[in-house]
Amino acid sequence: MTFMEKISVLWADDEIDLLKPHILFLKDKGYDVHTATSGDEALELVEKNNFAVVLLDENMPGLSGLETLNLLKAAHSDLPVIMITKSEEEHLMEDAIGSKISDYLIKPVNPNQILLSLKKTLDNKRLISEKTTSNYQQEFRQIGMTMGDKLSWSEWAEVYKKLVYWELELDNSKDESMIEILKMQKSEANKLYGKFIENNYIGWLNGKTPDGPMFSHTAFKAKVAPLLDKNETTFVVLIDNLRYDQWKIIQPIVSEYFKIDQEDLYSAILPTATQYARNAFFAGLMPSEIEKRFPKLWLNDEDEGGKNMHEEELLAEQLKRLGKDVKMSYNKITNHAAGKRLAENMSNLMQNKLNVIVYNFVDMLSHARTEMEVIRELADDEKAYRSITLSWFEHSPLHDILKQIASKKCKLVITTDHGTIKVTEPSKVVGDKNINTNLRYKQGKSLDYVKKDVFEIRNPSDAFLPKQNLSSAYVFVKEDKFFAYPNNFNHYVGYYRNTFQHGGLSLEEMIIPFITLSAK
């Protein structure tokens, strides 16, 4: 604060003359302090002046402090009030707090107490923002050094968690330069993570490289199956396309009803697309294994029809292989009306050992943001994308469904099949007429692409992916790039730049939440 930015304060106390040293101290710190000796005088002054805050003595003759407070708040509900009193009686504190005071001080107060209370009341957001910025500056160097090490997958998951933590902390910061530095660090992390996956992915899947993550096709067996041996109903809620940062945004609401037993991160398989990752999750098998064992339940990219129409059957087969003979239900929610119907029908599910709910909102939001101008504007950046997710969740049937699960003391798993990334840079690709349309991965024959931009799998069977013909290959674009065709390039790029996409290789798409919870 400088003397050029004086903040106007009203101090109301019937013994104001005794407080002159305090007032001089505050004036020396740059505050413009006005005084009143009664509640009536304070109310009069508030009507004539634009005060930033009121210091209010609770024990004044005539109108008491609490009576004055109530009249102040009735006329100026947003005006911060700091109550000062000699009394420590609990009911007075409760009355004052119930009247929405900003702070509460017990006499005798010293000047520094007053100063701290004023700063806390008036500068709270700014001070928190500055502290957050300062803390991230310190951790920035540590994260940078960590990324330079030879990391395991679990260590990469911790790096990603830290980046998300600071992203959420800086959401409320006004320091645009620090937000920009975080974006650059996240971009560097994605570049290094892309190389890490290139070097290890095939080895992990084939059991040749140690310390691999839990993958889409192993998550159910590792985390859900053991819950089915317990004497309680388990709900698995898979929110399609839910990133880790989006989970952290809705976590406080979920935590009102549930305690978190375990917060895990696991890796979506490549392609990080629903057809591959979610089928693998429910089948407990990789895509080529599903195609081989259940040819009628698998459709390839170029095949007509829905690609995730048989998840319930695939899950039933996995349960059979795991020796879990349990009564289960499967519900896929693709619109608000279906969600409301399920919320109204929850009592019928409580007799089952396992209930699976696939909720498609976040995926629909991602696609709608690409296709609808109004959603583009509402979810203009990462912060807004998180905000709209939170707003949806608060008012969604899913929120009601979770409350009902908690009330019945059921076990809950919240997870997803893959994440999504905001794409900014085009990468040219050429293929034949059968090439798939996904912007983050391509599969087919005679593909031509910019090699440095992609992770290429020349032999699909190495990654347990279906092979359409002898020369089929898969390429996954890295970082925040997206595939674009040379034909009509500028129009294509203009349409898809800054949209949220999935299917490729990035921290956001691959490192995803798996949360196990118990009702409070």
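Buried here means under 20% relative accessible area, exposed means over 50%, and partly exposed is what falls in between, with a 1.4 Å probe and protein chains only.

Quick housekeeping. This is a predicted model, where local features need pLDDT of at least 70 and side-chain atom pairs count only at pLDDT 80 or more, while totals for chains, interfaces and linings use all residues. Residues are numbered from 1 along each chain as its sequence is written, and side-chain values use heavy atoms, with hydrogens and water left out.

Back to the aromatics. How many aromatic pairs does the structure hold? There are 27, a pair being two rings of Phe, Tyr or Trp (for Trp, the six-membered ring) with centres within 6.5 Å; planes under 30 degrees apart are called stacked, over 60 edge-to-face, and the rest tilted. One of them is Phe282 with Tyr330: the ring centres sit 5.9 Å apart and the planes make 85 degrees, so that's edge-to-face. Phe282 belongs to helix α11 and Tyr330 to strand β8, so this pair ties together parts 48 residues apart in sequence. When I say helix or strand, I mean DSSP runs numbered from the N terminus: H or I over at least four residues for helices, E over at least two for strands. Phe282 is buried as well, at 0% relative accessibility.

Another pair is Tyr485 and Tyr492, with centres 5.6 Å apart and planes at 65 degrees, so edge-to-face too. Tyr492 is buried at 16% relative accessible area, whereas Tyr485, at 22%, counts as partly exposed. There is also an aromatic cluster whose members include Trp156, Trp204, Trp298, Tyr276 and Phe476.

Next, the sheet that β8 sits in. It's an open sheet of six strands in the order β7-β19-β10-β6-β9-β8, with mixed pairing; two strands pair if DSSP finds at least two bridges between them. Which strands are at the edges? Those are β7 (258-267) and β8, each pairing on one side only. From one strand to the next, the twist averages 15 degrees. Axes are lines fitted to C-alpha atoms, for helices over the stretch in contact, and angles run from 0 to 180 degrees between N-to-C directions.

At the β7 end, nine bridges join β7 to β19 (residues 511-519), and the two run antiparallel. Within that pairing, Ile260 has Leu517 as its bridge partner in β19. Helix α14 (residues 336-344) packs on the sheet, touching β8 and β9, and its direction makes about 150 degrees with that of β8. Contact means heavy atoms within 4.5 Å.

Now helix α13, residues 311-321. Its buried residues are Glu311, Leu314, Leu315, Gln318 and Leu319. Why do they end up on the same side of α13? They cover an arc of only 140 degrees around the axis, the arc being that of the directions from the helix axis to the C-beta atoms. Just after α13, Gly323 takes a positive phi of about 70 degrees.

Five of its five residues are buried, so β4 is largely enclosed by the rest of the structure. Val81, Met83 and Thr85 are buried on one side, and Ile82 and Ile84 on the other. In general, side chains in a regular strand alternate between the two faces of the sheet. β4 pairs in parallel with β3 (residues 53-57) over four bridges, and Val54 stands opposite Val81. The chain gets from β3 to β4 through helix α3 (residues 65-75), in a right-handed β-α-β crossover; that is, with the strands pointing away from the viewer, the path from the first strand over the helix to the second runs clockwise. Another four bridges join β4 to β5 (residues 103-106), also parallel, with Ile84 opposite Leu105.

Most residues other than glycine have a negative phi, and most peptide bonds are trans. Lys107 and Pro108 are joined by a cis peptide bond, with omega about -5 degrees, and Pro108 lies in the loop between β5 and α5. Phe464 has a positive phi, near 55 degrees, and Asn498 has one of about 65 degrees. Asn498 sits in the loop between α19 and β18 and is partly exposed at 32%.
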